Amino acid sequence: DVIREEGTDARWWYFLGQTYKGLGRFEESIRAYEKVIELRPSPHEQAACAAYCAASIAYKQKDYARSLELCCKGLQKDANWPELFWLAGLCCYRLHRDEESITWSQASIAIGHVEGSKRGIDRFAFRFLPGWFESPFEVLYFVHKRLGNTEDAGAYLKKFQHAKSVRLSFEASHGFQKSSPS
C-alpha cells in the first residue's frame with residue numbers, strides 16, 4: 001500500500017528491493033532496485049547502492065551481462081563506487097571480455113583504498129570492502145593467468161594478498177565485526 005501511495009519515493013522502492021531479496025524473490029528485488037535508479041537524479045548515492053544490490057543479485061544468478069549493465073547504470077549515478085567498477089570487471093571476466101575486465105578492475109583500484117584515491121570514503125551507504133581493497137587485484141590475477149601472462153598474474157596475486165591484509169587491518173582498527181553467514 002505504501003508503494004502505491006508513495007510510488008515516486010525511491011526510499012520505499014529501495015526497502016521493497018531489500019525485502020524481496022530477503023524473501024528470495026530476486027527478479028522482483030532487481031525490478032524494485034531498478035526503480036530506485038530510475039527515480040533518483042544523478043549524482044545519487046542511494047541509486048548507486050541500489051544498482052550494486054541489483055547487479056550483485058544478477059551476478060549470483062549468473063546473468064553476467066545484466067549485472068554489467070546494472071553496474072554501468074550505477075556508475076552513471078555515482079562514479080565513486082569501487083565496488084561497481086570491481087563487479088563490472090568480474091562480469092567481464094566471466095563473459096571472457098578480458099581487456100574490458102582489466103580496464104574496469106584498474107578503475108576500481110584507481111579509486112579504491114589500497115593504491116587509489118579513496119574516493120567515496122565519506123559516503124554514508126553500504127560498502128563491500130573487498131571491492132575497495134583486494135577483489136580487483138584478484139580479478140586481474142585471474143585475467144592475466146587466463147591470458148598466459150604469468151609474470152603479471154604473479155604480481156597481481158601478491159598485490160591481492162597484500163590488499164587483503166590491509167583490509168583485515170582496516171576492519172580490525174575500525175571495529176568491524178565478522179558477520180555470520182546467512
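Visitor: Which residues of α7 are buried?
Guide: This is a predicted model, so read every value as computed from it. Buried here takes a relative accessible area under 20%. In helix α7, the residues that pass are D98, S101, I102, W104, S105, S108, I109 and I111.

Visitor: How far does α7 reach from its first C-alpha to its last?
Guide: Helix α7 has 14 residues. At 1.5 Å a residue, 20 Å is expected. The model comes close to that, with a reach of 20 Å.

Visitor: Is S108 buried or exposed, and with what relative accessible area?
Guide: S108 sits in helix α7. The cut-off for buried is under 20%. S108 falls below it, so it counts as buried, with a relative accessible area of 1%.

Visitor: Which residues does S108 touch, not counting those up to four places away in sequence?
Guide: Leave out residues up to four places away in sequence. The contacts of S108 are then P82, F85, W86, G131 and P136.

Visitor: Are α6 and α7 roughly parallel or antiparallel to each other?
Guide: Their axes come within 7 Å and cross at roughly 165°. Angles over 145 degrees count as roughly antiparallel. The crossing is left-handed, with α6 passing α7. The angle therefore makes the pair roughly antiparallel.

Visitor: Which residues of α6 and α7 make the contact?
Guide: The axes of these two helices come within 7 Å. From α6, the contact uses P82, F85, W86, A88, G89, C92 and Y93. From α7, it uses D98, E100, S101, W104, S105, A107, S108 and I111.

Visitor: At what angle do the axes of α4 and α6 cross?
Guide: Helix α4 spans residues 45–60, and its axis comes within 10 Å of that of α6. α4 passes α6 in a left-handed crossing. The axes cross at roughly 25°. Angles under 35 degrees count as roughly parallel, so α4 is roughly parallel to α6, at an angle of roughly 25°.

Visitor: Which residues in α4 meet α6?
Guide: On the α6 side, the contact holds E83, L84, W86, L87, L90, C91 and R94. The residues facing them in α4 are A48, A51, Y52, A55, S56 and Y59.

Visitor: What is the angle between α2 and α3?
Guide: Helix α2 is residues 10–22 and helix α3 is residues 26–39. Their axes lie 8 Å apart, at about 160°. That makes α2 roughly antiparallel to α3. α2 passes α3 in a left-handed crossing, at an angle of about 160°.

Visitor: How far apart are the end C-alpha atoms of α10?
Guide: Helix α10 runs over residues 150–173. Its 24 residues should span 34 Å at 1.5 Å a residue. The model agrees, because its end C-alpha atoms are apart by 35 Å.

Visitor: Which helices do the buried residues of α10 pack against?
Guide: The buried residues of α10 are A153, Y156, F160, A163, R167, F170 and E171. They pack against α7, α8 and α9.

Visitor: Where is H96, the residue with phi near 60°?
Guide: H96 has a positive phi, yet is a residue other than glycine. The cut-off for exposed is over 50%. At 56% relative accessibility, H96 counts as exposed. Its place is the loop between α6 and α7.

Visitor: What relative accessibility does K118 have?
Guide: K118 lies in the loop between α7 and α8. K118 is not a glycine, yet its phi is positive, about 60°. K118 counts as partly exposed, at a relative accessibility of 38%.

Visitor: In which helix is confidence lowest?
Guide: The chain averages a pLDDT of 91, and 93% of the residues score at least 70. Confidence is highest in α9, at 98. Where pLDDT is low, the predicted coordinates should not be read in detail. The lowest confidence, a mean of 55, belongs to residues 2–5, helix α1.

Notes
Residues are numbered from 1 along each chain as its sequence is written. This is a predicted model: local features need pLDDT of at least 70, side-chain atom pairs count only at pLDDT 80 or more; totals for chains, interfaces and linings use all residues. Side-chain values use heavy atoms; hydrogens and water are left out. Helices (H or I, at least four residues) and strands (E, at least two) are DSSP runs, numbered from the N terminus. The expected span of a helix is 1.5 Å times one less than its number of residues. Buried means under 20% relative accessible area, exposed over 50%, partly exposed in between (1.4 Å probe, protein chains only). pLDDT is the predictor's confidence in each residue, from 0 to 100. Axes are lines fitted to C-alpha atoms, for helices over the stretch in contact, and angles run from 0 to 180 degrees between N-to-C directions. Angles under 35 degrees count as roughly parallel, over 145 as roughly antiparallel, 65 to 115 as roughly perpendicular and the rest as oblique. A crossing is left-handed if the near helix is turned anticlockwise from the far one by less than a right angle, and right-handed if clockwise. Contact means heavy atoms within 4.5 Å.
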